[in-house]
Amino acid sequence: MSKRIDAKDLNVYYGDFLAVEGVSMTIDAQAVTAFIGPSGCGKTTFMRSLNRMHEVLPGARVTGQLMLDGDDIYDPAVDPVTVRTMVGMVFQRANPFPTMSIRENVLAGYKLNGARISRSEADDIVERALRGANLWKEVESRLDKPGSSLSGGQQQRLCIARTIAVKPDVILMDEPCSALDPISTLAVEDLIAELKQEYTVVIVTHNMQQAARVSDKTGFFNIAGTGKPGKLVEYDDTSTIFNNPREKATEDYVSGRFG
Amino acid sequence: MTNTTTPDAAESRAPEDDSLQTRGRTRSRLTQNAQPRWQWLVVLAVSAVLGSALSALIGFNVAGWLIFTAVLHVVITYVITLTRVNRRRATDQLWRNLIFIAFLIALLPLVSVIWSVVSVGVPGLLAPGFLSSDMQGITGTVDEASQTEGTAVLGGIRHAIIGSLVITVAATVISVPIGLLTSIYLVEYARGGLLSRAITFFVDVMTGIPSIVAGLFAGAAMAWFLGTLNAVTGLFGSMSSTMGITAAVALSVLMIPVVVRTTEEMLRVVPNELREASFALGVRKWRTILKVVIPTAVSGIASGVTLAVARVIGETAPILVTAGYVVNTNWNLFQGWITALPVYIYRQFVNPTSPAFSEPSHQRAWAAALVLIIIVMLLNLIARIIAKVFAPKTSGR
C-alpha cells in the first residue's frame with residue numbers, strides 16, 4: 001500500500017511565525033521524493049506537517065489543504081493519531097526505545113498501542129520488518145538484546161524496521177543518514193531504493209549526492225532571509241533539478257555556489 | 001613535553017628521575033617543579049610534632065593539637081613550595097590543602113554522629129527482646145530494678161517500628177500518586193500556563209513548610225473532616241482525629257513536594273525523541289507517557305521516592321501531634337494512637353519511664369536511634385539498587 005500526497009497552498013505556522021509559506025506539490029506514490037535546501041528553510045517543518053508531528057510543539061498550526069489520496073488530513077474531525085498510523089516517520093538521530101529489546105522495539109507500534117498479537121504473529125512481524133530493513137541477518141541471533149546495543153547504522157535501520165512493522169502508507173525520513181558513516185549510509189540508501197516498491201518515501205537531506213542517488217523527484221526549499229518564511233522554490237524530476245533547473249537559486253544551490 | 005604538561009605528572013615522576021640519574025642517564029631537561037612525593041608526609045609529621053608542642057604551651061588538648069597541626073601543615077607546605085618551586089605551584093598546594101581540610105571538617109559531624117549512636121546504641125540493641133517486644137508492662141519499677149540491681153533492661157521498639165512502618169507506607173501511598181500525576185501534568189501537559197506556574201510556585205513553597213506546621217494542619221484538617229462527616233451522616237462520632245492516618249496525611253504534606261520535584265526532574269530528562277518516536281508510530285499521548293516516558297524514567301522516580309521516604313521517616317513533631325504516643329502495638333491506622341520510632345526516641349529521652357532511674361530509658365532511646373539510622377541507610381541503599389536495576393540498558397554494545 002502506498003498513497004499519494006497533495007499539498008495545496010500549505011502554510012505552516014509556529015504561533016504567529018510563518019515558517020513555511022504557500023507550498024503546493026504532489027508527492028507521488030511508490031516513489032522517493034527528496035527535499036533539499038539550506039538549514040532553516042522549512043523542509044523539515046513541512047515534512048513534519050505531513051504526519052501532523054509538528055503539532056507536538058506548542059502553537060504549531062497549518063492552513064491550506066493536505067490530501068492523502070484525496071482525504072484532507074487537516075479536516076477538524078481527523079484524529080492526528082490516525083494520520084500518524086498511516087504516515088510513519090524516521091528521525092535524524094536513531095531513537096530506539098532504551099527500555100526495550102530489539103524485538104520489542106520492532107513490535108513497539110503494536111505493543112505500545114496495547115494490541116494483542118499471538119506469539120507466532122509477532123515473530124512474523126519481527127522477521128518481516130527486520131528483513132525489510134536489511135537488518136535480519138545481523139540481529140537474528142540477538143533479538144532479546146537491548147536496541148541500544150546496536151551500532152548507529154543498525155539502530156537507524158532498527159528504527160526503519162519499527163516504522164515499516166506497522167505497515168504505513170507513507171514513510172517520512174528526516175535526514176536519516178546525517179549521523180551515519182558512509183557504509184551505514186549506503187545500507188540505508190539501498191534500503192530506501194527497496195522501500196519505494198511498497199511505500200511512498202519522502203526524505204529530507206542535506207547531502208545533494210544522496211538526493212541525486214536515491215530520489216525520483218526533488219523539491220528545493222529556500223528562505224529569503226532570517227525571519228522570513230521558507231518556500232518551495234522548485235519541484236521537479238531529480239535529473240531536471242540537478243542538471244537543468246529552471247530557477248537560478250536552485251542552480252546556485254545544487255552547484256555549490258550558494259552562500 | 002609529557003613530563004611538564006601537569007605538575008602532578010612532574011611530581012610523580014620525581015623518584016623515577018632520581019633513579020635514572022643514578023644510572024648515569026641525564027634527567028629530562030624539561031623537568032621542573034619536581035617535589036618529592038613523600039614531602040607532604042614529612043611536613044605533616046613535622047606539623048604534628050610542632051603542633052603538639054604549641055598546644056602544650058596553652059594546655060594540651062586533642063582539638064587544639066589538631067587545629068595547630070592543620071594550620072602548620074598548610075603554612076609549611078606553602079612556604080616550602082614557594083621557596084623551592086614557584087608561586088603558582090605554592091598557591092595550588094595552598095588551596096588543595098584548604099579544600100582537603102574543609103572536606104574533613106564536613107565529614108566530622110557525620111562520622112561523630114554515626115560513631116556516638118553506634119557506640120552508645122549497640123548495648124541496647126543487643127538487649128533481649130528489644131526488637132520483638134513493646135513497652136507494655138514496662139513501669140518505673142522495672143527500670144529501677146534494671147538500674148539498681150543490674151537486671152536486664154526490658155522493653156522494646158516493636159510497636160514503634162510497626163508504627164513508623166504503617167504510617168510511612170500510608171504516607172507513600174498517598175503522596176506518590178499525587179506527586180507523580182502532578183509532575184506528569186507539569187512536564188507533559190502544561191504549556192507554561194498560569195496553572196503550571198502556580199503549581200510550581202506552591203510546590204516550592206510547600207518544600208519549605210516546617211514539619212510541625214504540616215502536623216498541625218493535618219490534625220486540624222482531620223478534626224474538621226471527621227466533624228463534618230459526623231454532622232452529615234451521624235456516624236463516626238466516636239472517631240478521634242488522633243490516629244495513624246492523620247500522621248500519614250501530615251507526612252504526605254511533606255513528601256508530595258519532594259516527590260513532585262524529583263519526578264519532574266526525571267521526566268524532563270527523558271529525551272523528546274522517544275516521545276516523538278512513539279507519536280510517529282501512531283501511539284496516543286497517554287499511552288506514550290505510560291509505556292515510554294515512565295518506564296524510561298522509572299529508576300530515577302523510584303529512587304527519588306525512596307529518598308523522600310527516608311526523609312520523612314525521621315520526622316518527629318508532625319507524628320507526635322497527630323498520632324500521639326502509646327506503649328502497645330497498634331496496626332490500625334484508623335483507630336487509636338500509634339507510636340513512631342522518632343517519637344519513641346523523643347519520649348524516652350524527655351519523659352523517661354522512671355524519672356528517677358532514667359538510664360534504661362536512655363539506653364532504649366539510643367538503640368532506637370541506631371535502628372532509625374540503619375533504616376534510613378537501608379532506604380538509601382535500596383534507592384541506589386533500584387536506580388541500578390531499573391536503569392534503561394543504554395549500553396552493552
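At 15% relative accessibility, Lys3(A) counts as buried, where buried means under 20% relative accessible area, exposed over 50% and partly exposed in between, with a 1.4 Å probe and protein chains only. This is a predicted model, in which local features need pLDDT of at least 70 and side-chain atom pairs count only at pLDDT 80 or more, while totals for chains, interfaces and linings use all residues. Side-chain values use heavy atoms, with hydrogens and water left out, residues are numbered from 1 along each chain as its sequence is written, and chains are lettered from A and ligands numbered from 1 in the order in which they are written.

Lys3(A) has a salt-bridge partner in Asp169(A), with the closest N and O atoms 3.6 Å apart; a salt bridge is a side-chain nitrogen of Lys or Arg within 4 Å of a carboxyl oxygen of Asp or Glu. This pair links distant parts of the chain, 166 residues apart: Lys3(A) sits in the segment before strand E1 (5–14) of chain A, and Asp169(A) in the loop between helix H7 (152–165) and strand E7 (170–174). Helices (H or I, at least four residues) and strands (E, at least two) are DSSP runs, numbered from the N terminus. Asp169(A) is buried too, with a relative accessible area of 7%.

Over all chains, the structure holds 22 salt bridges. Another of them joins Asp143(B) and Arg364(B), whose closest N and O atoms are 2.8 Å apart. Asp143(B) lies in helix H5 (residues 140–149) of chain B and Arg364(B) in helix H14 (residues 359–390) of chain B, so the pair ties together parts that are 221 residues apart in sequence. Both Asp143(B) and Arg364(B) are buried.

Arg311(B) and Glu315(B) also form a salt bridge, at 3.4 Å between the closest N and O atoms. Here Arg311(B) counts as partly exposed, at 39% relative accessibility, whereas Glu315(B) is buried, with a relative accessible area of 13%. Elsewhere, salt bridges that share partners join Asp204(B), Arg261(B), Glu264(B) and Arg268(B) into one network.

Turning to helix shape, H11 (residues 285–312) of chain B has 28 residues, but its end C-alpha atoms are only 34 Å apart, short of the 40 Å that a straight helix would reach at 1.5 Å a residue. The expected span is 1.5 Å times one less than the number of residues. H11(B) bends by about 60 degrees at Val298(B), the bend being the angle between axes fitted to the seven residues ending there and the seven starting there.
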